[in-house]
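Dear colleague,

Please find the structure below. My notes on it follow directly after.

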Amino acid sequence: LGGIDAKIFTMTQPAPGSEGGLSNAIMGSIMMCGMGLLIAVVIGVLAGTWLSEYGGSSPYGAAVRFLNDVLLSAPSILIGLFVYEIMVRPFQGFSAIAGAVALAIIAMPIVTRTTEDILSLQPSALREAGMALGASRAFVIRKVVWKSARAGLITGALLGFARISGETAPLLFTALGNQFFSVDPTQPMASLPTTIFQFALSAYEDWQRLAWVGALLIAVAVLSINIIGRVVAREARR
């Protein structure tokens with residue numbers, strides 16, 4: 001707490017013995033987590049909807065569900081290596097886009113499972129009533145079922161964001177890090193987890209203090225997101 005001041009949010013990573021902050025790492029984490037969550041929500045909601053409404057009871061659906069459960073527990077460092085091989089090595093450069101894809105792969109199974117579960121809880125009467133009025137199945141899902149399950153879908157997205165906000169290993173293999181302020185997604189980009197990893201292992205006390213500040217920021221962010229998710233879920237149950 002003693003290390004938090006205005007410089008943390010306005011200055012970039014310092015050289016040892018110099019004044020500085022974590023603004024580049026904070027912005028990098030927000031950008032990569034935001035891009036990763038967007039990818040995860042789009043694919044995860046569509047996959048969860050397909051499992052719940054269309055092919056969940058088929059052998060193919062069972063295989064997809066099994067693979068999704070495997071991804072839920074996959075080590076994040078393996079996902080980082082996978083994205084490194086398909087996005088970093090072929091293009092011969094680290095980038096924030098590669099980091100976002102790695103984070104998306106981590107968050108996607110959470111969003112998929114949450115979407116499937118929350119849609120399965122929606123009453124069948126909603127679907128039957130919509131179709132009885134002549135609406136197509138896809139229209140009923142988009143306009144009725146998704147709207148009824150909106151709070152649960154938001155909760156799944158928040159849980160996915162909380163899951164990826166502190167990941168370090170995938171970003172070391174994909175985004176690498178950047179001591180300067182950058183918003184170019186095609187270039188290496190700093191993030192709070194990688195900065196904490198670098199500064200906590202250094203021999204400089206000022207870097208170690210910044211690592212503790214970064215750890216506190218991530219802890220507060222994850223705690224806040226989980227609280228918001230629980231509040232949204234509670235309101236949905238009401």
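Predicted model: local features only at pLDDT ≥ 70, side-chain atom pairs only at ≥ 80, totals over all residues.

Which residues does leucine 22 touch, not counting residues up to four places away in sequence? Leucine 22 touches Lys7, Ile8, Met11, Leu192, Thr195, Leu210, Val213 and Gly214, where contact means heavy atoms within 4.5 Å.

Residues are numbered from 1 along each chain as its sequence is written, and side-chain values use heavy atoms, with hydrogens and water left out.

Leucine 22 is located in the loop between α1 (6-10) and α2; helices (H or I, at least four residues) and strands (E, at least two) are DSSP runs, numbered from the N terminus. Leucine 22 counts as buried because its relative accessible area is 1%; buried means under 20%, exposed over 50%, and partly exposed in between (1.4 Å probe, protein chains only).

As to the chain overall, its secondary structure comes to 11 helices and 0 strands. Its C-alpha atoms fill a box of roughly 70 × 40 × 25 Å along the principal axes. Of the 238 residues, 42% are buried. Among contacts between residues at least 6 apart in sequence, 71% join residues at least 24 apart.

The surface carries two patches that I would bring to your attention. Patches are made of residues with over 30% relative accessible area and no salt bridge, with like charges joined within 9 Å and nonpolar side chains (Val, Leu, Ile, Met, Phe, Trp, Tyr) within 5 Å. A salt bridge is a side-chain nitrogen of Lys or Arg within 4 Å of a carboxyl oxygen of Asp or Glu. Accessible areas come from the Shrake-Rupley method with a 1.4 Å probe, and for residues only the protein chains shown count as cover.

Leu38, Ile39, Val42, Ile43 and Leu46 make a nonpolar patch of about 440 Å². Leucine 38 belongs to helix α2 (residues 23-53) and is exposed because its relative accessible area is 58%.

Arg142, Lys143, Lys147 and Arg150 form a positive patch; Lys and Arg count as positive and Asp and Glu as negative, without His and the chain ends. Helix α7 (residues 137-148) gives the largest share, 3 residues. Arginine 150 lies in helix α8 (residues 150-164) and is exposed, since its relative accessibility is 52%.

Yours sincerely

Methods: Charge placed at Lys NZ, Arg CZ, Asp CG, Glu CD.
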